[in-house]
Amino acid sequence: MTPGTPPLAAPRRLRFGYGTNGLADLRLDDALSLLADLGYDGVGLTLDHMHLDPLAPGLATRTREVAHRLGELGLGVTVETGARYVLDPRRKHGPSLLDPDPGDRARRVDLLLRAVRVAADLGAHAVHCFSGVVPAGTDTDTAWKRLAESLTPVLEAAASAGTPLAVEPEPGHLLATLADFHHLRRLLGDPEPLGLTLDLGHCQCLEPLSPADCVRDAAPWLRHVQIEDMRRGVHEHLPFGDGEIDFPPVLAALAASGYQGLTVVELPRHSHAGPHYAEHSLPFLQHAERTAATLTRSPAPVLQQAAPPHGAPSTTPEGSSTR
């Protein structure tokens, strides 16, 4: 090194969290304490009947209590809105932003507006959401119009709160891929509060590029990241090591992207053993991150094998409508 030349900055350490949708059998305070004890940096908090119910009375007071607890434990937070039955006990993820009934769409919008207020009060780095599956009998153009119209007041609220809205491409949904996210962005006029939730397993499942290349392409819009293992063409969230993802290159790309939010483990179907998977996931990610730091250059872009048709749900039980 030339005398007087400052040393190269060390790569930014990633901040790992765990989603409460994978700890559904624990009380929220017990889940938060567990994650802090295990060494996580934060939590992906899914607003649900068992974890900061967004529809029960006294939401503002309960939110302040959670904010205080997060501060005590030193945990960051992002707010997620993927609870299965929080709005409709008979229809999973219903109603959606695409429903034909304007009143039903308004109920989902109201949930997202509540989530924005909760996120602002918690100091969350983003609010996560998704489009929903195109209803039977609805053409694609109509579905995109409903999505854009429904998200407009939410984006306005997010701008006022200073909290990004991070839309997640979800297999089988109208907005299923990174290309779909950019289509929505153009439809809305590229509003500043609109960002992206990138689920790295979904990249493995159906994107044409590798997960690492997806991170590089998505970097300017990244506001939230979810992580788990997955196989090509199969939408099933798997514990680390049970799928096909090569994690060190993915984490190297994420560290190089400048992303500063949480990278949250999402294993909702393993909630029955949530404490076990939370305990084992963090050491896996930390080891992969240390390995990533030894990579001297990014791998060349690699095209993956063919995925299912665009937006098509997988045939596995998890699928797009049973997550």
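Biologist: Which conventions apply here?

Modeller: In this predicted model, local features need pLDDT of at least 70 and side-chain atom pairs count only at pLDDT 80 or more, whereas totals for chains, interfaces and linings use all residues. Residues are numbered from 1 along each chain as its sequence is written, and side-chain values use heavy atoms, with hydrogens and water left out.

Biologist: How many residues of strand 7 are buried?

Modeller: In a regular strand the side chains alternate between the two faces of the sheet. Strands are DSSP runs of E with at least two residues, and helices are runs of H or I with at least four, numbered from the N terminus. Buried means under 20% relative accessible area, exposed over 50%, and partly exposed in between (1.4 Å probe, protein chains only). In strand 7 (residues 222–227), 5 of the 6 residues are buried.

Biologist: Which strands pair with strand 7?

Modeller: Two strands pair if DSSP finds at least two bridges between them. Strand 6 (residues 194–199) runs parallel to strand 7 and is joined to it by 4 bridges; strand 10 (residues 262–265), also parallel, is joined to strand 7 by 3 bridges. Glutamine 226 is the bridge partner of aspartate 199, and valine 264 in strand 10 is the bridge partner of glutamine 226.

Biologist: Where is proline 95 found?

Modeller: Proline 95 is in the loop between strand 3 (76–80) and helix 3 (102–122). The peptide bond from glycine 94 to proline 95 is cis, with omega near -15 degrees. Histidine 93 is found in that loop between strand 3 and helix 3, and its phi is positive, near 60 degrees.

Biologist: Is histidine 93 buried or exposed?

Modeller: Histidine 93 counts as buried, at 12% relative accessibility.
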